[in-house]
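This briefing walks through selected local features of one protein model, grouped by topic. Please keep the sequence and the structure in view while reading.

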Amino acid sequence: MLFLWLYMFYSCAGSCAGLAARGSAAPPRAALPLPPLLPGEPGEESSLEEQRAAPDAGSPISSFFNGSGTKRLPQAIIIGVKKGGTRALLEFLRVHPDVRAVGAEPHFFDRNYERGLAWYRDLMPKTLEGQITMEKTPSYFVTKEAPARISSMSKGTKLIVVVRDPVTRAISDYTQTLSKKPDIPTFESLTFKNRTTGLIDTSWSAIQIGIYAKHLENWLLHFPIGQILFVSGERLISDPAGELGRVQDFLGLKRIITDKHFYFNKTKGFPCLKKAEGSSKPHCLGKTKGRTHPDIDQEVVQRLRDFYRPFNMKFYQMTGQDFGWD
């Protein structure tokens with residue numbers, strides 16, 4: 001009992017001395033680290049939440065949450081093509097932790113070039129060291145001035161082109177316009193300058209965009225072919241992980257996006273993400289994607305296939321890839 005009373009006495013003395021010293025100038029002792037909570041202990045949930053909300057101050061994750069990082073001009077741009085699958089590719093790529101991309105299309109190198117590079121840079125998301133800044137504007141591929149302008153910004157910019165069967169692409173392009181302007185002429189009437197002679201109207205943008213070889217010639221005046229990656233819009237649907245593997249390799253990224261990130265949506269007819277960027281929920285592209293195409297006269301479809309064939313063959317030769325459109 002004597003030892004117990006002595007222990008209580010000295011414990012009280014220590015506590016009282018501590019209380020008295022609070023008002024003094026002596027520096028406080030460093031707090032000892034608390035032991036980790038065991039599962040089931042009170043306060044476990046709030047402790048974990050605090051750890052998530054306040055990561056280590058010096059870590060890249062902390063820098064990201066604190067708004068640090070730098071706005072940089074893009075090192076890679078998806079330059080085309082319209083209705084080829086560019087939105088799907090961008091959304092898939094944004095799952096990668098080392099890719100930061102603008103959601104909306106900036107249209108800097110075609111419509112807003114006079115605003116200057118400072119304006120363009122300000123549109124970009126902040127990135128940390130090792131992350132890639134990207135944007136996508138499909139109309140760049142068919143804009144005559146775009147290659148020289150991008151080269152002027154940086155000759156090392158990596159370019160990605162998503163291409164699709166030009167006939168299917170043209171019909172998809174028309175379908176999109178039809179959804180906005182139901183009173184436009186039929187696809188068949190817009191396809192020909194003169195249907196009797198079968199002369200294709202190449203001034204119609206839906207037709208003109210699909211002459212890929214012609215547009216690519218313009219880009220090769222400013223960029224080597226090895227700096228341009230051509231992604232198959234068809235394989236992006238049938239094998240998204242395979243195409244994303246090629247894209248990640250091209251960008252010098254670790255292959256993080258794999259089969260486990262996708263599931264096939266039978267209603268829409270294309271793959272969707274099991275989890276989108278910054279979300280734990282599945283994500284499919286919106287109602288504007290995967291529209292049902294109108295029935296097109298098969299004779300017109302065949303005329304278009306015949307028209308595109310020589311351009312497709314030249315495109316295959318230029319890129320070293322056979323996309324299997326014929």
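The side chain of Ser 172 makes a polar contact with the side chain of Arg 164 at 3.4 Å, where a polar contact is a pair of N or O atoms within 3.5 Å and, within protein, one must be able to donate a hydrogen and the other to accept it, residues adjacent in sequence counting only if both atoms are side-chain atoms. The model is predicted, so that local features need pLDDT of at least 70 and side-chain atom pairs count only at pLDDT 80 or more, while totals for chains, interfaces and linings use all residues. Residues are numbered from 1 along each chain as its sequence is written, and side-chain values use heavy atoms, with hydrogens and water left out.

**Annotated binding site**

- An unreviewed UniProt entry lists, under "binding site", residues that include Lys 83, Arg 164, Ser 172 and His 293; UniProt positions follow the numbering used here, feature names are shortened, and annotations may be inferred rather than shown by experiment.
- Ser 172 lies in helix α7, residues 166–180, where helices (H or I, at least four residues) and strands (E, at least two) are DSSP runs numbered from the N terminus.
- Ser 172 counts as buried because its relative accessible area is 8%, buried meaning under 20%, exposed over 50% and partly exposed in between, with a 1.4 Å probe and protein chains only.
- Leaving aside residues up to four places away in sequence, Ser 172 touches Lys 83, Arg 164 and His 293, a contact meaning heavy atoms within 4.5 Å.

**Loop residues and backbone geometry**

- Lys 83 is found in the loop between β2 (76–80) and α4 (86–93), is buried with a relative accessible area of 14%, and has a phi near 60°, a positive value in a residue other than glycine.
- Val 81 is found in the loop between β2 and α4, and a cis peptide bond with an omega of about -5° joins Gly 80 to Val 81.
- His 107, in the loop between β3 (99–101) and α5 (117–123), has a positive phi near 50° although it is a residue other than glycine, and it counts as buried at 11% relative accessibility.

**Helix packing**

- Helices α7 and α13 (residues 298–319) pack at an angle of about 125° with their axes 9 Å apart, axes being lines fitted to C-alpha atoms, for helices over the stretch in contact, and angles running from 0 to 180 degrees between N-to-C directions.
- That angle makes α7 oblique to α13, because angles under 35 degrees count as roughly parallel, over 145 as roughly antiparallel, 65 to 115 as roughly perpendicular and the rest as oblique.
- The residues making this contact include Val 167 and Ile 171 of α7 and Leu 304 and Tyr 308 of α13.
- The axes of α4 and α12 (residues 240–250) come within 11 Å and cross at roughly 75°, so α4 and α12 are roughly perpendicular to each other.
- Leu 89, Phe 92 and Leu 93 of α4 meet Pro 240, Leu 244 and Val 247 of α12 in the contact.

**A contact across the sequence**

- Asn 218, in helix α10 (residues 212–219), is 76 residues from Val 142 in sequence and 9.0 Å from Val 142 in space, C-alpha to C-alpha.
- Not counting residues up to four places away in sequence, Asn 218 touches Thr 143, Lys 144 and Pro 147.
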